[in-house]
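Dear colleague,

Please find the structure below, handed over for your own work.

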Amino acid sequence: PLLPLAMFSSMRFSLAALTSLASFVSQGMTFVALPFLFQSLYGYSAFESALLFTPWPLGIILAAPHAGRFADRHSPALISTVGLCVFAAGLVLLALLPGHAPMWDIGVRSFVCGLGFGCFQSPNNREMLANVSRENSGYASGVLAIVRTFGQCLGAALVGMLLSLSGDALAVHLSLWVAAMATAVALLFSVSRLRK
């Protein structure tokens, strides 16, 4: 009675929701792991660590409005899949950071992640909301919020688990690789929409 399960019969809606869930697991893991990398391993201050995050939202700001407009004219599933590819590439670049990376190098890799995520999110949200009936659009918005929050929380919990099992250096790099793998899972879900 609280959530009409019939809307999950739309494969495009369900796949968009799963894609969103896996991508927010990646984002949650990365956002929790990077401060440990910046402060514990690289020795940056809290202020410098905050500055190193700045390119990510800048990338989202630059990419998201254009991705949303493109999704009005072209396949949202295709655009969000391209965005996920860029996001996955950015995560791999972050996971491959050398032992003493300069700030500009970290910023460029973080910017790539932001561009990819910004290109992915708006079209994917459009895909979710466009594939339910009008009377279920409020429920679909709720599902969107739930998968976003649950994905971020799950990602943060996974980083916490890895930190408790191993030292900072290993846990941070492992977290970034797991985040890249979660994005690969999101890519599988997203690509499967292109054939539907």
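The notes below cover the conventions, the helix packing, the nonpolar cores and several individual residues.

This is a predicted model, in which local features need pLDDT of at least 70 and side-chain atom pairs count only at pLDDT 80 or more, while totals for chains, interfaces and linings use all residues. Residues are numbered from 1 along each chain as its sequence is written, and side-chain values use heavy atoms, with hydrogens and water left out.

**Helix packing**

Two packed helices are described by the angle between their axes and the distance between the axes. Axes here are lines fitted to C-alpha atoms, for helices over the stretch in contact, and angles run from 0 to 180 degrees between N-to-C directions. Helices are DSSP runs (H or I, at least four residues), numbered from the N terminus.

Helix 4 and helix 7 cross at roughly 165 degrees, and their axes come within 9 Å. That makes helix 4 roughly antiparallel to helix 7 (the term applies to angles over 145 degrees). The crossing of helix 4 over helix 7 is left-handed, meaning that the near helix is turned anticlockwise from the far one by less than a right angle, whereas clockwise gives a right-handed crossing. Residues in contact (heavy atoms within 4.5 Å) include Leu84, Phe87, Leu91 and Ala95 of helix 4 and Leu176, Trp177, Ala180 and Leu187 of helix 7. The residues of this contact divide into 18 nonpolar, 5 polar and 1 charged. In this division Ala, Val, Leu, Ile, Met, Phe, Trp, Tyr, Cys and Pro count as nonpolar, Asp, Glu, Lys and Arg as charged, and the others, Gly among them, as polar.

Helix 6 (residues 137-165) packs against helix 7 (residues 168-194) at an angle of about 150 degrees, with the axes 8 Å apart. These two helices are therefore roughly antiparallel to each other as well. Helix 6 passes helix 7 in a right-handed crossing. On the helix 6 side, Val159, Leu162 and Leu163 take part, and they meet Asp168, Ala171, Leu174 and Ser175 in helix 7. The contact comprises 5 nonpolar residues, 1 polar and 1 charged.

Helix 1 and helix 6 pack at an angle of about 35 degrees, with their axes 7 Å apart. Their crossing is right-handed, and the residues of the contact divide into 20 nonpolar, 6 polar and 1 charged.

**Nonpolar cores**

A nonpolar core is a set of buried Ala, Val, Leu, Ile, Met, Phe, Trp, Tyr and Cys residues joined through side-chain atoms within 4.5 Å. Buried means under 20% relative accessible area, exposed over 50%, and partly exposed in between (1.4 Å probe, protein chains only).

The largest nonpolar core has 36 residues, and Phe38, Tyr42 and Ile106 have the most contacts inside it. At least two residues of this core come from each of helix 1 (11-41), helix 2 (46-53), helix 4 (76-95), helix 5 (103-130), helix 6 and helix 7. Leaving aside neighbours within four places in sequence, phenylalanine 38 is in contact with Gly43, Tyr44, Ser49, Leu52, Phe53 and Ile106. Another core, of 10 residues, lies apart from the largest one and has Ala16, Met128, Ala140 and Val143 among its members.

**Individual residues**

The contacts listed here do not count residues up to four places away in sequence.

- Threonine 30, in helix 1, is buried with a relative accessible area of 0%. Threonine 30 touches Trp56, Leu91, Leu94, Leu176 and Ala179.
- Serine 20 also lies in helix 1 and counts as buried at 1% relative accessibility. Its contacts are Phe120, Asn124, Leu144 and Val147.
- Serine 40, in helix 1, is partly exposed at 42% and touches Pro35 and Asp168. Leucine 41 touches Phe36, Ala169, Val172 and His173.
- Tryptophan 177, in helix 7, is partly exposed at 34% relative accessibility. Tryptophan 177 touches Val92, Ala95 and Leu96.

With kind regards

How values were computed:
Angles under 35 degrees count as roughly parallel, over 145 as roughly antiparallel, 65 to 115 as roughly perpendicular and the rest as oblique.
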